[in-house]
Amino acid sequence: APAQYRVGVLRAANLLARLTHTHLRHTFATIDFVSVGVSLALLLWLLGRAENFRKADHIAQWLQASLVLGSCVLYLMWSFWFQKPETQPTLLLLVLSAAATQWTRRIPALVVLVLLAAIGATVRADAVVAFHLGFLLVCFLPQARSLPLGRAAQFAASALAIVAAVAIEWFIAHRVYPDAPRQVAAFQLFGNLKVWLNYLVVPTAIFPWLITLRLAIRRWRVLEGWTTGLLLGSVAHFALYYTFGIAWEVRIFLPFAMTLTPLTATLAYAAIRNENLPAIQPIH
């Protein structure tokens, strides 16, 4: 525990190995390859829906796309340090959830978001809970007026998603593996603050996310609801990661940082051009 609770990828890899008569190392590699490939495609697709990207000339579009890919390459390099099976699937689940919050069809979007949260609870429950906590918080802010799903529908979807994720995590921890021993203590904050290596590794690994936060704070009043939800969710997940995780295992936070790369690119471009923040077109 808590690794024993993250059975989603392990069970999927085992099933694929049985069906294809291959080794687990092959199915783990396949899952990572598909997760990263689909996630990168969706991140570039989300970037393409941003107003600043659509209105920019070709050179500026290539610049923004290069910022997304460059940031992702940096994050991927750090994800191989103490690599775990759930890292890249968590990225895919977060990117899919981010795309689903753009859907203006409320009932299908609600179902998809709750389903993704339920699946995510078997991979990394903290990531999906933090994601929806961010969107719950934005429902109480002025930016909620621009949420693609609307304030009420987004609140309902995120609240149900959090309940589903917590319920499944509780069932795994207390019914499936009630006696799973912990290798380390659950609370790690004070230990993380004492280790000097964390002050070098963490900023070096996630500095694009830190830049994104700085740019977003400077333009907070004109942020879109979707953008604000993602940013608040990332802050919530960073707090969970630094409090209950081992800080130099930055792979824990990297999926969320990668999910924000389209915002990193568009915020950086807007700051360079001194333009208004981008609006990402909702999915109808």
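I looked up Glu86 and found it buried at 8% relative accessibility (buried means under 20% relative accessible area, exposed over 50%, partly exposed in between, with a 1.4 Å probe and protein chains only). The model is predicted, so I kept to its limits: local features need pLDDT of at least 70, side-chain atom pairs count only at pLDDT 80 or more, and totals for chains, interfaces and linings use all residues. Residues are numbered from 1 along each chain as its sequence is written, and side-chain values use heavy atoms, with hydrogens and water left out.

Next I checked the partners of Glu86. Arg251 forms a salt bridge with Glu86, with the closest N and O atoms 3.7 Å apart (a side-chain nitrogen of Lys or Arg within 4 Å of a carboxyl oxygen of Asp or Glu). Arg251 sits in the loop between H10 and helix H11 (254-259) and Glu86 in the loop between H4 and H5, so this pair ties together parts 165 residues apart in sequence (helices, H or I, at least four residues, and strands, E, at least two, are DSSP runs numbered from the N terminus).

Glu86 also meets Arg124 in a salt bridge at 3.7 Å, N to O. Arg124 is in helix H6 (residues 106-138), so that pair joins parts 38 residues apart in sequence. Arg124 is buried too, at 7% relative accessibility.

I then followed Arg251 to Glu249, where the side chains meet in a salt bridge of 2.5 Å, N to O. Arg251 is buried at 7% and Glu249 at 13%.
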